[in-house]
Amino acid sequence: MTQLNFARDIQGMNAYAPAPSDLKYSATLTNGNETHITVPSTYENWIAAFAYQPGATIWVDFSGATSAVPAGNTLASTTAELNPGQRKLKAGDKISVITADASVDLGVSLYAIP
């Protein structure tokens with residue numbers, strides 16, 4: 001399990017430079033087909049880092065609900081986020097993803113926080 005470990009930049013300041021994770025997931029998402037993973041229970045806290053195909057539109061839900069593509073042309077309440085970067089999660093949290101694009105690639109790397 002890759003634990004999150006911050007490195008230092010050339011000025012000695014903390015820099016977000018994690019080692020490659022040994023817990024990675026990938027998928028080719030297609031229009032309207034949701035998929036999800038559950039954060040492992042081996043550690044209490046985790047960082048999830050997302051890598052998106054350039055130009056991808058992916059909705060990610062961390063609330064435990066199933067992610068949904070927005071409908072309509074007015075702002076509405078949602079639990080999903082569009083192309084998030086990194087998020088701190090807890091063991092057992094569900095990461096649900098969906099796209100309205102024809103086909104997009106997605107990668108998710110998980111880092112345990114000791």
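Me: How many helices and strands does the protein chain have?
Reply: Zero helices and ten strands. From the N terminus on, the elements run β-β-β-β-β-β-β-β-β-β. Keep in mind that the model is predicted.

Me: What share of the residues counts as buried?
Reply: Of the 114 residues in the protein chain, 33%.

Me: And how much accessible surface is there?
Reply: About 6700 Å² for the protein chain. Carbon and sulfur atoms hold 52% of that.

Me: On to the sheet with β9. What is the strand order?
Reply: The order is β4-β9-β6-β7. The sheet is open, and its pairing is antiparallel.

Me: Which strands stand at the edges?
Reply: β4 and β7 (80-82) do. Each has a single partner strand, so one side of each lacks a neighbour in the sheet. From one strand to the next, the twist averages 25°.

Me: What holds strands of a sheet together in general?
Reply: They pair through backbone hydrogen bonds, either parallel or antiparallel.

Me: Back to β9. How many bridges does β4 make with it?
Reply: Four, in the antiparallel sense. β4 covers residues 35-38.

Me: How many bridges join β6 to β9?
Reply: Four, and these two strands run antiparallel. β6 covers residues 58-61. W59 has I98 as its bridge partner, and I58 has T99.

Me: Is β9 enclosed or open, and why?
Reply: Largely enclosed by the rest of the structure, because six of its six residues (94-99) are buried.

Me: Which residues sit on which face?
Reply: K94, S96 and I98 are on one side. I95, V97 and T99 are on the other. Both faces are covered.

Me: Let's zoom in on T99. What is its relative accessible area?
Reply: It is 0%. The cut-off for buried is under 20%, so T99 counts as buried.

Me: What does the T99 side chain reach?
Reply: The backbone nitrogen of D101, at 3.0 Å.

Me: Which residues does T99 contact beyond its neighbours within four places in sequence?
Reply: L29, T30, N31, G32, T57, I58, V69 and V104. I58 is also the bridge partner of T99.

Me: Last one, on the chain as a whole. Among contacts between residues at least 6 apart in sequence, what share joins residues at least 24 apart?
Reply: 78% in the protein chain.

Terms used. Residues are numbered from 1 along each chain as its sequence is written. This is a predicted model: local features need pLDDT of at least 70, side-chain atom pairs count only at pLDDT 80 or more; totals for chains, interfaces and linings use all residues. Side-chain values use heavy atoms; hydrogens and water are left out. Buried means under 20% relative accessible area, exposed over 50%, partly exposed in between (1.4 Å probe, protein chains only). Two strands pair if DSSP finds at least two bridges between them. A polar contact is a pair of N or O atoms within 3.5 Å; within protein, one must be able to donate a hydrogen and the other to accept it, and residues adjacent in sequence count only if both atoms are side-chain atoms. Contact means heavy atoms within 4.5 Å. Axes are lines fitted to C-alpha atoms, for helices over the stretch in contact, and angles run from 0 to 180 degrees between N-to-C directions. Accessible areas come from the Shrake-Rupley method with a 1.4 Å probe; for residues, only the protein chains shown count as cover.
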